[in-house]
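Hello,

Here is the structure you are taking over. Notes on what was found follow below it.

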Amino acid sequence: MTRVTLLLIISIVTFGLKEVKTSPVFQDDPGFETRIQTVVAGLLDVRTENVNKNRDNPNVSIIDYENQDIVIHENYTGGGKGRFLNDISIIKLRESLKTVFKPVLLPSDDEKHRVKLKGLGWGLYNCKDYSPENLREADGKYIDLATCYEGYAPKDIPESKLCAKFTSEGNSASVAPGDSGGPLVSFQNPSQPVQIGLTSTVSFLKNTNPGETCVNKDTPQVYTRVSSFSQFIMQYAPNAQFVQ
Ligand SMILES: *[C@@H]1O[C@H](CO)[C@@H](O)[C@H](O)[C@H]1NC(C)=O
Ligand SMILES: *[C@@H]1O[C@H](CO)[C@@H](O)[C@H](O)[C@H]1NC(C)=O
């Protein structure tokens with residue numbers, strides 16, 4: 001997986017349940033700071049110590065990040081009434097990833113790629129205040145927009161978002177703070193995964209304590225729909241590989 005394991009954003013919106021951007025990035029969100037420091041490909045454990053141990057590993061790419069290397073979508077609205085529209089950024093790497101990495105495919109239309117989904121990320125586990133040591137994953141089920149916000153919130157999920165619900169080893173699961181920007185990927189063809197979504201927002205339960213589940217797993221989680229941003233992506237990443 002090469003793209004966007006590290007696009008991270010947080011802020012909070014209230015309507016019905018809280019809708020929450022799932023992790024740290026931009027300064028317009030008080031209380032959270034920009035955390036992107038290094039872009040790492042090829043490691044599941046991205047703690048500093050393990051990253052430093054792998055600087056000479058031929059199967060790992062470690063590229064230092066500098067602030068100007070990010071293109072934030074010019075129409076990103078943030079939260080509040082903005083509803084986190086155009087919730088996508090592109091990190092421009094200063095050097096290529098090693099050739100052991102193959103770029104994930106991107107859909108020009110995701111209709112054929114809504115099965116065998118996995119959500120991936122280092123987001124908080126049960127809302128403890130630290131990230132898991134290793135990348136975690138859950139099995140995703142695509143939820144159509146009409147069903148997506150049924151029951152609790154304004155129904156106007158735009159076409160530029162998509163929704164999914166998750167299970168992990170038979171239990172319901174969810175993305176969580178720290179997962180933002182992470183991928184929702186179809187492994188229908190395991191040798192050619194297709195990334196259909198970027199983790200965007202979740203519903204939060206109120207008044208939970210560290211160690212308890214803080215995300216409402218009964219409601220779908222909302223993703224930026226990659227196919228809606230193919231032009232934006234191609235403008236800044238002309239080598240991105242799109243499939244029908
Ligand atoms: C790099 O990956 C190749 C292919 O999977 C493997 O044979 C080799 O042992 C790996 N090298 C290191 C240092 O992990
Ligand atoms: C941002 O919005 C303006 C006004 O609607 C539009 O002209 C422009 O193309 C949008 N930018 C992107 C990258 O979509």
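Helices of at least four residues and strands of at least two are taken from DSSP runs and numbered from the N terminus. On that basis, the chain has three helices and 15 strands. Please keep in mind that this is a predicted model.

Confidence comes next. The mean pLDDT of the chain is 79, with 77% of its residues at 70 or more. Over residues 1–19, however, the pLDDT is below 50, although this stretch has 70 contacts in the model beyond near neighbours in sequence. The pLDDT is also below 50 over residues 23–34, a stretch with 24 such contacts beyond near neighbours in sequence. Where pLDDT is low, the predicted coordinates should not be read in detail.

Taking contacts between residues at least 6 apart in sequence, 66% join residues at least 24 apart.

One residue to look at is Gln-195, in strand S13, which covers residues 194–204. Is Gln-195 buried or exposed? Gln-195 is buried, because 23 other C-beta atoms lie within 10 Å and the cut-off for buried is 20 or more. Arg-225 is 30 residues away from Gln-195 along the chain, and their C-alpha atoms are separated by 9.4 Å.

Last, the surroundings of ligand 2. Which residues surround ligand 2? They are His-73, Glu-74, Asn-75 and Phe-232. By class, this shell has one nonpolar residue, two polar and one charged.

Regards

Note on methods
Residues numbered from 1 in each chain as written. Chains lettered and ligands numbered in written order. Predicted model: local features only at pLDDT ≥ 70, side-chain atom pairs only at ≥ 80, totals over all residues. Contact = placed C-beta atoms within 7 Å. pLDDT = per-residue confidence, 0-100. Buried ≥ 20, exposed ≤ 12 C-beta atoms within 10 Å, placed from the backbone. Near = placed C-beta within 6 Å. Nonpolar A, V, L, I, M, F, W, Y, C, P; charged D, E, K, R; others polar.
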